[in-house]
Amino acid sequence: MSDLYFRTDLFGELDRLQRQMSDLFEGFPSSLRSSRMGTFPHINVGTTDSTIEIVAFAPGVDPAKLDISIDKGLLSIAGERSTRQPLPEGTRQYAQERFTGSFRRVIELPQQSDPDKVQARYADGCLLITVGKREASKPRSITVE
Amino acid sequence: MSDNTGITQHDPNAMTRSEPDEARRRVTLTPAVDIVEDAHAVTVWADLPGVQKDKLDIRVHDGSLTIDAESVVPVTPDLRLSHAEIRAPYFLRRFTVSEDFDTSRIEAALKDGVLKLTIPRRDEAKPRRIEVRLG
């Protein structure tokens, strides 16, 4: 019994340490599936009482080429930003910072998310995905009888 | 004995604290750009996700070109951010523009969060072949 207690406590400690480390660097915890630097598109995730809102900052992407899927609680956003046609003769390229090629980003959805309630739309270069939460997980007030 | 009878305590730092908050809000992102020049113009593509036309400000002043934009993503007010890779919704980038560009004829087009700026070269600055006459 004391062994078990010790183990959970140790994991709790490691968890806390990891949280502190990531807090030091960014303020928000990172995930194995989303390293922070040099990724495309950048993603913000937020929650409301009834939904999980995901914003992918993917300018200049053809919405028809976006592939969004949910599998076992993992939301996957894949697509391609078309590579530039070769430059004509006599042109000079001074900067090429914008991402080109295919990309895939995976987001771990919280357990209470409902894969049947997903909406996605693309506007002004932002992909907005709304994932509903299960009824049971929505906050509700409990009346005292 | 304490003479603090107020229900809410006045924060003596309230005024000084609001200033760094304001400054932090002004943190801007540098948008990624592609720049290509040909014989007629230089073309700049800039990634500005979530920027609409009315939140985009392009200025030319004293030989410098400034792209200043604010990204607006429609979200509900009760949203709590849990993971953020884009923290500041402001984009800012400056370039110097040399004399041989005609800044009065800059064309700007914004589509799906990508700005395309075309800055034409002045006619006299365009490359031309100089004929050599036999003397």
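Strand S1 of chain A (residues 42–47) is joined by four bridges to strand S5 of chain B, and the two strands run antiparallel; two strands are taken to pair if DSSP finds at least two bridges between them. Within this pairing, Asn44(A) has Ala84(B) in S5(B) as its bridge partner. The model is a predicted one, in which local features need pLDDT of at least 70 and side-chain atom pairs count only at pLDDT 80 or more, whereas totals for chains, interfaces and linings use all residues. Residues are numbered from 1 along each chain as its sequence is written, and chains are lettered from A and ligands numbered from 1 in the order in which they are written.

The pairing across the two chains belongs to an open sheet of five strands, arranged in the order S7(A)-S8(A)-S2(A)-S1(A)-S5(B), with antiparallel pairing.

Chain A contains one helix and eight strands, and its pattern along the sequence is α-β-β-β-β-β-β-β-β; helices (H or I, at least four residues) and strands (E, at least two) are DSSP runs, numbered from the N terminus.

Where the chains meet, 30 residues of chain B are in contact with 29 residues of chain A, two residues being in contact if their C-beta atoms, placed from the backbone, lie within 7 Å. On the side of chain B that touches chain A, the elements that give two or more residues are strands S1 (33–37), S2 (41–47), S3 (51–61) and S5 of chain B. The residues of this side of chain B divide into 16 nonpolar, six polar and eight charged; Ala, Val, Leu, Ile, Met, Phe, Trp, Tyr, Cys and Pro count as nonpolar, Asp, Glu, Lys and Arg as charged, and the others, Gly among them, as polar.

As to confidence, chain B has a mean pLDDT of 80, with 80% of its residues at 70 or more, pLDDT being the predictor's confidence in each residue, from 0 to 100. The predictor gives the complex an ipTM of 0.70 and a pTM of 0.70.
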